[in-house]
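Subject: Structure for you to look at, with notes

Dear colleague,

Please find below the structure I promised to pass on.

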Amino acid sequence: MLDLKGRKGIVTGGSSGIGYAISNKLAEAGATVYVISRTGSLKEGMAPQADSVKHIKGDITNYEEMAKIVADIAGDGAIDFLVNNAGISKRCRAEAFPAEDFERIMEVNIHSYFRLSQICYPYLKKSAYKGRIVNISSMAAHLGFVEVVPYSITKSAVLGLTRGLAVEWANDNICVNSIAPGWFPSELSKQVMDAERKAAILNRMPVHAFGDTNDLGAMAAFLISENAAYITGQDFAVDGGALAYGF
């Protein structure tokens with residue numbers, strides 16, 4: 001019963017993977033979704049989306065460009081949601097991690113989340129439905145993983161960003177939450193997962209299986225719906241029980 005008819009908003013990095021699934025679910029619930037990605041189109045092999053999903057080419061770290069895109073989407077009105085999803089990583093041991101790669105990961109994975117939230121703030125504040133920000137965090141915000149330390153740093157920062165904005169903007173008609181995906185098929189996960197790591201990952205979660213990105217889309221739709229109007233500052237793990245798994 002997630003009715004998002006009349007709402008419009010932004011999903012970053014939605015040409016495939018998690019962002020693609022989220023934009024699909026939001027559109028299925030009735031929202032108009034503007035997907036911002038480097039290509040401005042679906043990746044090859046992805047199934048076509050509803051007409052209410054509109055792809056825009058843009059660099060999320062070019063904040064002057066993003067301000068223009070957001071203003072065009074809002075027009076004379078509001079924006080109802082922002083899903084900060086775009087992210088990058090690189091697999092390399094910490095002592096050898098190149099400085100330029102570290103800086104790029106910081107820029108995409110956390111600086112852009114903060115700056116886009118700033119840019120969207122005046123439009124979210126005017127939402128008739130209460131503005132929503134949904135940040136994509138990660139298991140790496142809660143657990144240590146080898147060879148992806150900079151990525152883990154950014155995802156831990158996403159939790160701080162989520163809680164801080166939730167508190168600061170609580171009286172500004174905006175709710176801010178995050179979703180921590182477990183292991184789902186995506187281009188990012190393929191970059192950091194070989195056969196040995198894949199086996200270790202599957203053994204680390206109670207369900208011993210990778211997730212379906214549709215579940216992440218459903219969680220995002222819930223957090224943007226009227227059902228979540230009293231929820232803010234929270235991180236929701238969709239992880240097959242990985243964080244709960246003990247010994």
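What follows is a description of the strands, a few helices and loops, and the cysteines.

The model is predicted, so that local features are reported only at pLDDT of at least 70 and side-chain atom pairs only at pLDDT 80 or more, while totals for chains, interfaces and linings use all residues. Residues are numbered from 1 along each chain as its sequence is written, and side-chain values use heavy atoms, with hydrogens and water left out.

**The strands**

Helices (H or I, at least four residues) and strands (E, at least two) are DSSP runs numbered from the N terminus, and two strands are said to pair if DSSP finds at least two bridges between them. Strand β1 (residues 8-12) runs parallel to β4 and is joined to β4 by three bridges, with Val-11 standing opposite Val-83 of β4. On to strand β5 (residues 131-136), β4 makes four bridges, again in parallel, and here the bridge partner of Val-83 is Val-134. The chain passes from β4 through α3 to β5 in a right-handed β-α-β crossover; right-handed means that, with the strands pointing away from the viewer, the path from the first strand over the helix to the second runs clockwise.

Strand β5 is in turn joined to β6 by six bridges, the two running parallel, and Val-134 stands opposite Asn-177 in β6. A right-handed β-α-β unit is also made by β5, α4 and β6. Finally, β6 and β7 run parallel with four bridges between them, and Ile-179 has Phe-236 of β7 as its bridge partner.

In a regular strand the side chains alternate between the two faces of the sheet. For β4, Phe-81 and Val-83 lie on one side and Leu-82 and Asn-84 on the other, and all of them are buried, where buried means under 20% relative accessible area, exposed means over 50%, and partly exposed is in between (1.4 Å probe, protein chains only). In β6, Ile-174, Val-176, Ser-178 and Ala-180 point one way and Cys-175, Asn-177, Ile-179 and Pro-181 the other, and all are buried. Because eight of the eight residues of β6 are buried, this strand is largely enclosed by the rest of the structure.

Ser-117 belongs to helix α3 and counts as buried, because its relative accessibility is 0%. Leaving aside residues up to four places away in sequence, Ser-117 touches Leu-82, Asn-84, Ile-133, Leu-165 and Trp-169, a contact being heavy atoms within 4.5 Å.

How far apart are the end C-alpha atoms of helix α7 (residues 213-224)? They are 17 Å apart, which agrees with the 16 Å that its 12 residues should span at 1.5 Å a residue, the expected span being 1.5 Å times one less than the number of residues. Among the buried residues of α7 are Leu-216, Met-219, Leu-223 and Ile-224, and what covers the buried residues of this helix includes α1 (17-28), β4, β5, β6 (174-181) and β7 (235-238). The N-terminal end of α7 is capped by Asp-212, a side-chain oxygen of which lies 2.9 Å from the backbone nitrogen of Asn-214; for a polar contact, a pair of N or O atoms must be within 3.5 Å, and within protein one must be able to donate a hydrogen and the other to accept it, while residues adjacent in sequence count only if both atoms are side-chain atoms.

**Loops**

Asn-173, in the loop between α4 (149-168) and β6, has a positive phi near 70° although it is not glycine, and at 26% relative accessibility Asn-173 counts as partly exposed. His-208, in the loop between α6 (195-204) and α7, likewise has a positive phi, near 50°, in a residue other than glycine, and His-208 is partly exposed at 42%. Ile-88 is found in the loop between β4 (81-84) and α3 (99-124), and its C-alpha atom is separated by 6.7 Å from that of Asn-109, 21 residues apart along the chain.

**Cysteines**

A search of the whole structure finds zero disulfides, a disulfide being a pair of cysteine sulfur atoms within 2.5 Å. Cys-175 is in none, and the nearest cysteine sulfur, that of Cys-120, is 16 Å away. Cys-175 is buried, with a relative accessible area of 5%, and Cys-92 is buried at 16%.

With best wishes
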